[in-house]
Amino acid sequence: MRSLLLLALVGLGAQLVDGSLGMAYGVTSTTLLLALNTGAASASATVHLAEIGTTLVSGAAHWRFGNVDWTVVRRVGVPGALGAFAGATFLSRLSTEAAAPIMSLILFTLGLYVLIRFTVSGLPRERVGLPLRKRFLGPLGLVAGFVDATGGGGWGPVGTPAILASGRLEPRRVIGSIDTSEFLVAVAASLGFLVGIGSENINFGWVGALLLGGMIAAPIAAWLVRLVPPRILGSAVGGVIVLTNTRTLLRSDWIAAPAAAQYICYLIVALVWVAAVTWSTRRHLADRQVAPVAVAREGGSGEPATAPS
């Protein structure tokens, strides 16, 4: 009973973060299951089965609050489902631990780019509203789906920063679209695991506990994402990606840093992250104060003032 309660709380917290930042449910939940000595394929299968419910509720909530671009959902979600099914059947037969440092390095670079871009200049509005091309979203979904199934998480960490970095979709709609399309990925990955390892290797009590916590948090997170300004949200997302993948890289065979060095690096990254979010918050508040003044100066010209970051 204690384990089920812990899993429900983890599911609640993970979905609260995932629904508001576009990532972390799978990574957080899978990490806990692996710590309980669950096999890699069984852990990923458990998380993806729970995600069928959490992503359905989360997608509905994001749609209700106007956070979803359905064209993006379709163009990234269908290839993502194909990649997830392939990744699930692959993981059922082979460990992918050797590939983790390579993927973490890619994600670290993307996260650092997003963190710097949003902290320094805010949302690049000159490209917001431009369509995202199929040739970009298709391969992105395929790769993100494969990574998500093999790593127990990765749809958000791969998809969210890549679309954010394009500057063509505001952060809340990026997060809402990624969360909604993840339903297709979760269904496909679950089918792949059921084919690969069978239902006897999955603890459905754990699935239910993760699902319950996630479903409670999903609508709250979808509401929160509408309230957080884009510039602040971008800095927060970038920091999550950098911090998460710093941990993976430091613990990998590539670096194998001593525990003391790891904690020092975590502290440095955390301080930089806090400073970036603080700076973005201050700039947002300053821009919000400037905007009414700019509107007043326009007078009756009818020209709109530049929107704050």
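## Overall architecture

Buried residues account for 50% of the 309 residues in the protein chain. The structure is a predicted model. Its secondary structure amounts to 11 helices and 0 strands, and from the N terminus on the elements run α-α-α-α-α-α-α-α-α-α-α.

Of the contacts in the protein chain between residues at least 6 apart in sequence, 83% join residues at least 24 apart. The accessible surface of the chain is about 14300 Å². Carbon and sulfur atoms contribute 68% of that surface.

## The pairing of helices α3 and α8

Two packed helices are described by the angle between their axes and the distance between the axes. For helix α3 (residues 40-64) and helix α8 (residues 171-196), the axes come within 7 Å and cross at roughly 145°. The crossing of α3 past α8 is left-handed. On the α3 side, the residues making this contact include Ala41, Ser44, Ala45, His48, Leu49, Glu51 and His62. On the α8 side, Ile175, Gly176, Asp179, Thr180, Glu182 and Phe183 are among them.

His62, found in helix α3, takes part in this contact. With a relative accessibility of 0%, His62 counts as buried, because the cut-off for a buried residue is under 20%. Its side chain makes a polar contact with the side chain of Asp179, at 3.4 Å. Leaving aside residues up to four places away in sequence, His62 touches Gly19, Asn67, Val68, Ile175, Gly176, Asp179, Thr180, Ala222 and Val225. The C-alpha atoms of His62 and Ala218 are separated by 8.8 Å, although these residues are 156 residues apart along the chain.

## Gly83 in helix α4

Helix α4 (residues 70-91) contains Gly83. This glycine counts as buried, at 2% relative accessibility. Not counting residues up to four places away in sequence, Gly83 touches Leu142, Gly145 and Phe146.

## The enclosed helix α7

Helix α7 (residues 155-166) has 12 residues. From its first C-alpha to its last it reaches 17 Å, close to the 16 Å expected at 1.5 Å a residue. Since 12 of the 12 residues of α7 are buried, the helix is largely enclosed by the rest of the structure. Trp155, Gly156, Pro157, Val158 and Pro161 are among these buried residues, as are Ile163 and Leu164. Gly167 follows α7 and has a positive phi, near 70°.

Helix α10 (residues 230-251) has 22 residues and reaches 32 Å from its first C-alpha to its last, which is close to the 32 Å expected at 1.5 Å a residue. In α10, 17 of the 22 residues are buried, so this helix is largely enclosed by the rest of the structure.

Arg231 lies in α10 and, at 5% relative accessibility, counts as buried. The side chain of Arg231 reaches the backbone oxygen of Phe118 at 3.2 Å. Ala256 is placed in the loop between α10 and α11 (259-298). Although Ala256 is not a glycine, its phi is positive, at about 50°.

Definitions and conventions
Residues numbered from 1 in each chain as written. Predicted model: local features only at pLDDT ≥ 70, side-chain atom pairs only at ≥ 80, totals over all residues. Heavy atoms only, no water. Helix = DSSP H or I, 4+ residues; strand = E, 2+ residues; numbered from the N terminus. Expected span 1.5 Å × (residues − 1). Buried < 20%, exposed > 50% of the residue type's maximum accessible area, 1.4 Å probe, protein only. Contact = heavy atoms within 4.5 Å. Areas by Shrake-Rupley, 256 points an atom, 1.4 Å probe, with all protein chains shown as cover. Polar contact = N/O pair within 3.5 Å; in protein donor to acceptor, adjacent residues only side chain to side chain. Axes fitted to C-alpha atoms, helices over the stretch in contact; angles between N-to-C directions. Left-handed = near helix turned anticlockwise from the far one by under 90°.
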